[in-house]
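Open the model in your viewer and keep the sequence panel beside it. This tour tells you what to select at each stop and what you will find there.

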Amino acid sequence: MPRSPSSLTPEFKLIERYFTRPAKHAVLGVGDDCALIKISAGCELAISTDTLVEGTHFFAGADAEKLGHKALAVNLSDLAAMGATPKYVTLALTIPKFDDVWLDGFSRGFFKLADMFDIELIGGDTTRGPLSMTLTVMGEIKAGRALRRDGAQLGDDIWVSGTVGGAALALMHLLAKIKLPPHIFAQVENQLYSPAPRVALGAALVGLAHAAVDISDGLVADLSHICERSQLSARIECHRLPLAAAFSALDADLRASLINQCALSGGDDYELCFTAPASAQSRIEQAGAECGVAVRKIGSMCAFNASKLVSVVDVSGRDMTPEKSGYDHFAAPTDNSS
């Protein structure tokens with residue numbers, strides 16, 4: 001039986017008001033010492049945890065509703081990369097003070113996306129301190145069927161979903177490193193703050209793709225993880241990259257530089273990068289069409305070269321591999337773009 005509001009401490013009033021819903025799939029959800037969940041027969045549980053910290057992953061004063069969306073979206077993207085179906089999520093939320101307006105916006109953005117993917121909030125924690133949120137998502141995948149980073153094979157095609165570089169362009173504009181026209185910034189701002197996790201595509205790629213990763217820290221950096229785990233190297237043909245539409249509005253010289261900085265090394269795309277045999281091309285294109293997500297072949301997996309996991313070439317075959325492969329959480333602040 002729920003306790004009366006008068007018997008709740010301020011922390012539990014916050015949880016009760018903004019984050020408590022009746023259990024749908026869980027045996028027991030928010031409100032006890034532990035949640036109780038059930039797993040479908042023949043399935044494995046895919047689990048991922050991410051932390052977002054103000055000043056590192058998002059700007060101070062960021063829109064609360066968009067932040068609620070993004071906090072969950074970046075975690076759902078990890079499930080998508082494994083081909084898993086989202087089931088449960090926990091949320092540990094640290095806030096500097098009780099703020100009804102902020103909490104209402106954050107929870108609204110969070111649950112709007114949660115409802116889209118039928119993922120259930122089953123627990124977590126709230127505490128006072130600098131604004132941050134840690135989410136743990138859980139999803140189901142048929143036993144032995146998960147897309148893994150160590151499954152790429154020699155000669156595999158490399159694919160990318162959606163477009164790349166838009167979120168990093170928006171961030172560079174916000175940091176005053178470039179100036180985008182208002183209508184162009186509006187396009188890429190949405191990519192930065194409201195990424196669309198490719199859950200349906202990830203599930204459709206099970207049995208077609210050999211390996212997959214989501215693009216969070218940068219295409220080159222994240223593809224390197226597949227290379228490391230699969231003991232292969234990768235060759236990207238830069239002219240094949242599915243660039244965000246905003247790139248076409250840039251001056252040619254600036255565009256060339258920003259392709260390197262944003263499309264290859266920028267983060268926050270939350271698209272899928274995956275490898276698959278050439279024989280699967282038509283089925284992958286069909287899967288993308290059925291999921292409403294564009295997919296583009298951008299290169300191939302090649303023999304392992306420990307000194308150069310990922311190489312990037314232009315249309316003439318000249319090397320244009322970026323010096324910085326992607327976001328580094330422990331680099332000096334001036335070395336990162338966020």
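**Stop 1: the six-stranded sheet**

Start with the open sheet of 6 strands, in the order E6-E8-E5-E9-E7-E10 and with mixed pairing. Strands (E, at least two residues) and helices (H or I, at least four) are DSSP runs, numbered from the N terminus. Two strands pair if DSSP finds at least two bridges between them. Colour the edges next: strand E6 (211-214) and strand E10 (310-313) each pair on one side only. From one strand to the next, the twist averages 25°. Angles here run from 0 to 180 degrees between N-to-C directions, with axes as lines fitted to C-alpha atoms, for helices over the stretch in contact.

A word on the model before you go on: it is predicted, and local features need pLDDT of at least 70, side-chain atom pairs count only at pLDDT 80 or more, and totals for chains, interfaces and linings use all residues. Residues are numbered from 1 along each chain as its sequence is written, and side-chain values use heavy atoms, with hydrogens and water left out.

Select strand E7 (residues 233-237) and strand E9 (residues 295-302). They pair in the antiparallel sense over 4 bridges. Find Ile 236: Gly 299 in E9 stands opposite.

Contact means heavy atoms within 4.5 Å. H2 lies across E6 and E8, and runs at about 175° to E6.

**Stop 2: Thr 275**

Zoom to Thr 275, in strand E8. Is Thr 275 buried or exposed? Thr 275 counts as buried, because its relative accessibility is 0%. Buried means under 20% relative accessible area, exposed over 50%, and partly exposed in between (1.4 Å probe, protein chains only). Show what surrounds Thr 275: not counting residues up to four places away in sequence, its contacts include Asp 156, Asp 157, His 210, Ile 226 and Met 301.

**Stop 3: Arg 198**

Move to the loop between helix H5 (182-193) and H6, where Arg 198 lies. Arg 198 counts as buried, because its relative accessibility is 17%. Which side chain does the side chain of Arg 198 meet in a polar contact? Select Glu 271: the two side chains make a polar contact at 2.8 Å. Such a contact is a pair of N or O atoms within 3.5 Å; within protein, one must be able to donate a hydrogen and the other to accept it, and residues adjacent in sequence count only if both atoms are side-chain atoms. Leaving aside neighbours within four places in sequence, Arg 198 is also in contact with residues including Ala 80, Ser 161, Tyr 270 and Val 293.

**Stop 4: the four-stranded sheet**

Select the open sheet of 4 strands, in the order E1-E4-E2-E3, again with mixed pairing. E1 and E3 are its edge strands, and each pairs on one side only. The twist averages 15° from one strand to the next. Here H2 packs on the sheet and touches E1, E2 and E4, its direction making about 30° with that of E4. H3 lies across E2, E3 and E4, at about 165° to E2.

Focus on E2 and E3: they run parallel and are joined by 8 bridges. Leu 91 has Gly 124 in E3 as its bridge partner. Then pick Thr 126, in strand E3 (residues 120-128). Thr 126 is buried, with a relative accessible area of 12%. Draw a C-alpha to C-alpha distance from Thr 126 to Leu 91: the two are 8.3 Å apart in space and 35 residues apart in sequence.

**Stop 5: the nonpolar cores**

Show side chains for Leu 72, Trp 102, Phe 106, Met 133, Phe 274 and Ile 284. Of the 51 residues in the largest nonpolar core, these six touch the most other members. A nonpolar core is a set of buried Ala, Val, Leu, Ile, Met, Phe, Trp, Tyr and Cys residues joined through side-chain atoms within 4.5 Å. H2 gives this core its largest share, 10 residues. Centre on Trp 102: not counting residues up to four places away in sequence, Trp 102 touches Ala 64, Leu 67, Leu 93, Ile 95 and Leu 131. A second, separate core has 44 residues, including Ile 158, Leu 219, Ile 236 and Leu 264.

**Last stop: the whole chain**

Zoom out. The chain has 9 helices and 10 strands. Of its 338 residues, 49% are buried.
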